[in-house]
Amino acid sequence: MDLRYARPRKDLILLLRQKGIKDKSVLEAMGRIERHRFIPDSALHNHAYEDKAFPIGDGQTISQPYTVAFQTEKLEIQPEEKVLEIGTGSGYQAAVLAELGARVYTIERFRTLYDKTSRLLRSMKYTTIRTYYGDGFLGKSIYAPFDKCIVTAAAPHIPEALIDQLSVGGMLIIPVDNGQGSQDMLRITKLEEGVKEEVFDTFSFVPMLKGRT
Ligand code: SAH
């Protein structure tokens, strides 16, 4: 644990509370995680506990802490749940889910990011996170069903496969393009028949793209 960042991390958690995040387990999990370690450019480490997105290479970003907290809170994670994440990126969101006791399956479409982040998570001893290189539009059917699913890139529509791969009662949190250059955060709950759909605030993500590179 790098003590230089203890104070800014505490302040960040306070800010998240002020912005409306209530779930104590989410706030505590984020209070334990060293976000600067997920940001490759060490020149940015002094800023790592600001509530901002930062570049992580390949034109991608580590999500803003408020966004991570918001999406995680809405998933109501319980220990041992199987959670599918689309868009591994820096690995920070996956680490938050793992801190909450989830068994995480996370998919990234950029080979270089996948390699880099897989190594990082291994070195940090996150044994409950499994990383995959692939196209998240397809989900990960061999490990379905999942209790929860989180998409961390701007989706043009709700991928059918992600609903199919949820268990009944399972939830998907996903930012979907609203045609105005931003995304509406949707929470889809799978029912015995059909789904329940809730709409939350507007956010801004990097795009969810088809295929892998
Ligand atoms: N959860 C990440 C956020 C990274 S930004 C974090 O905590 O840092 C979104 C990521 O989604 C990018 O790395 C991008 O490459 C990835 N992505 C975009 N479309 C994807 C797809 N179809 N399948 C898998 N990953 C995708």
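Helices (H or I, at least four residues) and strands (E, at least two) are DSSP runs, numbered from the N terminus. This is a predicted model, in which local features need pLDDT of at least 70 and side-chain atom pairs count only at pLDDT 80 or more, while totals for chains, interfaces and linings use all residues. Residues are numbered from 1 along each chain as its sequence is written, and side-chain values use heavy atoms, with hydrogens and water left out. The protein has six helices and nine strands. Its radius of gyration is 16 Å, close to the 17 Å that the globule rule gives for 213 residues, so the protein is as compact as a globular protein of that length. That radius is taken over C-alpha atoms, and the rule is 2.2 Å times the number of residues to the power 0.38.

**Overall build**
- The C-alpha trace spans about 50 × 40 × 35 Å along its principal axes.
- Of the 213 residues, 54% count as buried (under 20% relative accessible area; exposed is over 50%, partly exposed in between; 1.4 Å probe, protein chains only).
- Contact means heavy atoms within 4.5 Å. Among contacts between residues at least 6 apart in sequence, 54% join residues at least 24 apart.
- The accessible surface comes to about 10100 Å², and 50% of it belongs to carbon and sulfur atoms (Shrake-Rupley method, 1.4 Å probe; for residues, only the protein chains shown count as cover).

**Nonpolar cores**
- A nonpolar core is a set of buried Ala, Val, Leu, Ile, Met, Phe, Trp, Tyr and Cys residues joined through side-chain atoms within 4.5 Å.
- The largest such core has 47 residues. Leu 16, Met 30, Phe 38, Tyr 92 and Tyr 126 have the most contacts inside it.
- Elements that each supply at least two residues of this core include helix 1 (6-18), helix 2 (24-32), helix 5 (111-123) and strand 7 (166-177).
- Helix 4 gives the most to this core, with six residues.
- Apart from it lies another core, of 20 residues, among them Ile 86, Tyr 105, Val 176 and Leu 186.

**Helix 4 (92-99)**
- Seven of the eight residues of helix 4 are buried, so this helix is largely enclosed by the rest of the structure.
- The buried residues of helix 4 include Tyr 92, Gln 93 and Leu 97.
- Tyr 92 touches Met 30, Ile 33, Arg 35, Phe 38, Ile 62 and Val 68, not counting residues up to four places away in sequence.
- Gly 101 follows helix 4 and has a positive phi, near 95°.

**Helix 3 (65-75)**
- Helix 3 is mostly covered, with 11 of its 11 residues buried.

**Two loop residues**
- Ser 182 sits in the loop between strand 7 and strand 8 (183-190). Its relative accessible area is 16%, so Ser 182 is buried.
- Leaving aside neighbours within four places in sequence, Ser 182 is in contact with Val 176, Asp 177, Thr 202 and Phe 203.
- Glu 50 lies in the loop between helix 2 and strand 1. Its relative accessibility is 27%, so Glu 50 counts as partly exposed.
- Leaving aside neighbours within four places in sequence, Glu 50 is in contact with Arg 35 and Pro 65.
- The C-alpha atoms of Glu 50 and Ile 33 are separated by 14 Å, and these residues are 17 apart along the chain.
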